[in-house]
Amino acid sequence: MLFDNFTLVLLAVVATASLLPAHGQGAEVFNRLTAVAIALLFFMHGAKLSRQAIVAGATHWRLHLLVFGCTFVLFPLIGLALKPLLLPLLGEALYVGVLFLCVLPGTVQSAIAFTSLAGGNVPAAVCSASASSILGIVLTPLLVAALLQMQAGSAVSPLDSMVLISAQLLLPFVAGHLLRPLIGGLVERHRVWLGRVDQGSILLVVYTALSASVVEGLWQSVSGARLALLTLVCCGLLALVLSLTAWLGRILGFNREDRITIIFGGSKKSMATGVPMAKVLFAGALLGPALLPLMIFHQIQLMVCAVLAQHYARKGKGLSPKQTPVP
C-alpha cells in the first residue's frame, strides 16, 4: 500500500512545478521538449505492441465489447450522473477533470500485470488493453467535446482535437508499430530502460502542464479541502466501477479468468495516454485541474488493484490470507 518510487517522484515534480513553475522563455523550451517527449512516448508504445498477442486474444469479442463498454460508456455515464453532486462539491474546473478522467482509455501495462498476477485471461487482457489505448486516441477527444458540450475555453473542437492528436500521438504510434519488425528485438531487450523513458516523458509533461496552470493561479482556485474531497471522489468512483465490472462479468456468464480480465481491464484509466491528451485538449488554467483527478485516481487504482490481484491469486490457489506467498 506504500507509494512506489514513480509516485514519489511524481509528487516531487508537482511540488517543483508549484514552487518553481516554468514561465516565459523557459516555458517555451519545456513546451518544445514536451512535444518531443510525447511523440517518443507514443512511438515506443507502438513499437511495444505485439500483433501476435493481439491476434491471440482477438477472438474473445464478448469480453472486449464489455471492457470497451465499461471504459468508454459506463465511466462517462457515471461522470454525467454524478454532476449534480460533484459540480457544487468540486467546482467546475475539477469536475471537468473528473469528466476527462472518465473518457480516457484503459491502461496497458498495469492491466496486463494485475490480470496475470490474479490468474486471469492474459491474452485477452493484452488484446483489450492495447485496443483500448488505440481507440482512445480517436474516441477520447470526441467524448470530451460531447460531454463538455463545447463549453467556451474548455476544449477545442472535435475536428481540431482529431488533427492535433493524430499529429502528436497517432502518427508516432503507427510509425513505431510499423517499425516493430526492425526494432522489436531492441525494444524487448531494453524494456526496463524504455519503461524509464516512458515515466520520464510523463513527468516532463506533468511539470510543463502544471507550471502553466500554477502561473494561471491553480492553487488559488483549488484548496486543500477540495483536494481531499477529490481524493474521496476518486476512491468512490473506483469502488463503484470495480463493483459494477465484477457484477457484469458474473451476470453475463463469464468464467473466473475472464471476469478477472474484465475487472482489471474495465476499471483502469491510463496516465500515460491521459497526460499527453490533456496537454493537447486543454490550455491555460484548465490544464492543471484536468490533470489532478487523473493523477490521484492513478495512484489509488494501483494500490487497490494490487491488493485485489493478490486476493484473487490467493483464492485461485486455495490459500488463506495468512498464507499469501511473498511477491
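The structure holds one cavity of 30 Å³ or more. On a 1 Å grid over the protein atoms alone, a cavity is a set of points where a 1.4 Å probe fits but cannot get out, whereas a pocket is an open set with protein on both sides within 12 Å along at least five of seven lines; a residue belongs to the lining if it has an atom within 4 Å of a point. Grid points are joined across faces, edges and corners, and a volume is the space filled by probe spheres set on the points.

This is a predicted model, in which local features need pLDDT of at least 70 and side-chain atom pairs count only at pLDDT 80 or more, while totals for chains, interfaces and linings use all residues. Residues are numbered from 1 along each chain as its sequence is written, and side-chain values use heavy atoms, with hydrogens and water left out.

**The chain as a whole**

The chain has 16 helices and zero strands. Helices (H or I, at least four residues) and strands (E, at least two) are DSSP runs, numbered from the N terminus. Of the 327 residues of the chain, 51% count as buried; buried means under 20% relative accessible area, exposed means over 50%, and partly exposed lies in between (1.4 Å probe, protein chains only). The accessible surface of the chain comes to about 14,600 Å², and 70% of this surface belongs to carbon and sulfur atoms. Such areas come from the Shrake-Rupley method with a 1.4 Å probe; for residues, only the protein chains shown count as cover. Among contacts (heavy atoms within 4.5 Å) between residues at least 6 apart in sequence, 85% join residues at least 24 apart.

**The largest cavity and Thr261**

The largest cavity contains about 40 Å³ of space. Its lining includes Gly106, Thr107, Ala125, Ser128, Thr261 and Gly265. Two or more lining residues come from each of helix H7 (109-118), helix H8 (122-147) and helix H14 (256-266), and H8 gives the most, with four residues.

Thr261, one of the lining residues, lies in helix H14. With a relative accessibility of 1%, Thr261 counts as buried. A polar atom of the side chain of Thr261 lies 3.0 Å from the backbone nitrogen of Asn121. A polar contact is a pair of N or O atoms within 3.5 Å; within protein, one must be able to donate a hydrogen and the other to accept it, and residues adjacent in sequence count only if both atoms are side-chain atoms. Apart from neighbours within four places in sequence, Thr261 is in contact with Leu63, Thr115, Gly120, Asn121, Ala124, Ala125 and Gly266.

**The second largest pocket**

The second largest pocket holds about 380 Å³ of space. It is lined by 17 residues, of which Leu11, Leu292, Met295, Ile296 and Gln299 are the closest to its centre. Helix H1 (5-19), helix H13 (224-251) and helix H16 (287-317) each give two or more residues to the lining; H16 gives the most, with seven residues.

The table sets out the two linings by residue class. Ala, Val, Leu, Ile, Met, Phe, Trp, Tyr, Cys and Pro count as nonpolar, Asp, Glu, Lys and Arg as charged, and the others, Gly among them, as polar.

| Lining | Nonpolar | Polar and charged |
|---|---|---|
| Largest cavity | three nonpolar residues | seven polar residues, no charged residues |
| Second largest pocket | 13 nonpolar residues | four polar residues, no charged residues |

**Buried residues in the helices**

Helix H6 (residues 92-102) is mostly covered, as nine of its 11 residues are buried. Among them are Tyr95, Val96, Phe100 and Cys102. The C-alpha atom of Val96 is separated by 9.8 Å from that of Leu291, although the two residues are 195 residues apart along the chain. Leu291 has its place in helix H16 and is buried, with a relative accessible area of 0%. Leaving aside neighbours within four places in sequence, Leu291 is in contact with Ala209, Val275 and Ala278.

Ile263 lies in helix H14 and counts as buried at 3% relative accessibility. Not counting residues up to four places away in sequence, Ile263 touches Leu242, Thr245, Ala246, Leu308 and Tyr312. From Ile263 to Val241, 22 residues away in sequence, the C-alpha to C-alpha distance is 8.5 Å. Ala246 is found in helix H13 and is buried, with a relative accessible area of 17%. The C-alpha atoms of Ala246 and Ile262 are separated by 7.5 Å, and these residues are 16 residues apart along the chain.
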